[in-house]
Amino acid sequence: MEPNSLDDLYENYVADIYRYLRSLCHDHHAAEDLMQETFYRAYLYLEDCREERIKPWLFRVAYNAFVDYKRKEKRSVSKEDGFFSGLPHPETTEGTLLRQERWEETALALSRLPEGQRHALLLHDYHGLTYKEAAGIMNVGLSQYKILVFRARQKLREADRRRNEHE
């Protein structure tokens, strides 16, 4: 790869990588930190990258950064959980509230999925990777990946149906 190509990669994929990491960790600040870590690692190993397509490689780097973050998080103890979530947000419009409720419903439904199904669904449906690319990132066979996506979609449809029945 060319030396200036990291800037191009950053411009092209920063939004996709951020959305992927945000959907994994559900925290804006952690997603930003992980995105920075992803591009730092990409900078370190870009010359060694033998991948034809860079986007799946970047997603794999982002996922590995997320896994490292979760491992580190398990070893640390939070003393005052929820302090920052109690602070008021400057935007209090109805549109913001509705958007936040929809996001929370979607995030809750996704968080209830088994981890493998959640990752499979996010990689393909939300980040536009092909089945083959996403299966490679997850280190599973293509047929197993398709099964994971199918089951995840089934569970989300069922959760949506149940939610609509109760409203």
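How many helices and how many strands does the protein have? It has seven helices and zero strands. Read along the sequence, the pattern is α-α-α-α-α-α-α. Keep in mind that this is a predicted model.

Start with the protein as a whole. It has 167 residues, and 32% of them count as buried. Now take the contacts between residues at least 6 apart in sequence: 59% of them join residues at least 24 apart.

Next, look at helix 3. It spans residues 54-75. Two of its packing partners are described here: helix 1 and helix 6.

Take helix 1 first. This helix covers residues 5-25. Helix 1 and helix 3 pack at an angle of about 40°, and their axes lie 10 Å apart. That angle makes helix 1 oblique to helix 3, because only angles under 35 degrees count as roughly parallel. The crossing of the two helices is right-handed.

Which residues of helix 1 and helix 3 meet? From helix 1 come Leu9, Tyr13, Asp16, Ile17, Tyr20, Leu21, Leu24 and Cys25. From helix 3 come Ile54, Lys55, Leu58, Phe59, Ala62, Tyr63, Phe66 and Tyr69. Sort the residues of this contact by kind, and 14 are nonpolar, no residue is polar, and two are charged.

Now turn to helix 6, residues 131-138. It packs with helix 3 at an angle of about 30°, with the axes 10 Å apart. Helix 3 is therefore roughly parallel to helix 6. This crossing, too, is right-handed.

The contact draws on Pro56, Phe59 and Arg60 of helix 3. Helix 6 brings Glu133, Gly136 and Ile137. Here the residues divide into three nonpolar, one polar and two charged. Phe59 of helix 3 takes part in the contact with helix 6 and also in the one with helix 1.

Where is Cys49? It sits in the loop between helix 2, residues 28-45, and helix 3. Is Cys49 buried or exposed? Its relative accessible area is 13%, so Cys49 is buried; the cut-off for that word is under 20%. What does Cys49 touch, leaving aside its neighbours within four places in sequence? It is in contact with Ile54 and Trp57.

Note on methods. Residues are numbered from 1 along each chain as its sequence is written. This is a predicted model: local features need pLDDT of at least 70, side-chain atom pairs count only at pLDDT 80 or more; totals for chains, interfaces and linings use all residues. Side-chain values use heavy atoms; hydrogens and water are left out. Axes are lines fitted to C-alpha atoms, for helices over the stretch in contact, and angles run from 0 to 180 degrees between N-to-C directions. Helices (H or I, at least four residues) and strands (E, at least two) are DSSP runs, numbered from the N terminus. Angles under 35 degrees count as roughly parallel, over 145 as roughly antiparallel, 65 to 115 as roughly perpendicular and the rest as oblique. A crossing is left-handed if the near helix is turned anticlockwise from the far one by less than a right angle, and right-handed if clockwise. Contact means heavy atoms within 4.5 Å. Ala, Val, Leu, Ile, Met, Phe, Trp, Tyr, Cys and Pro count as nonpolar, Asp, Glu, Lys and Arg as charged, and the others, Gly among them, as polar. Buried means under 20% relative accessible area, exposed over 50%, partly exposed in between (1.4 Å probe, protein chains only).
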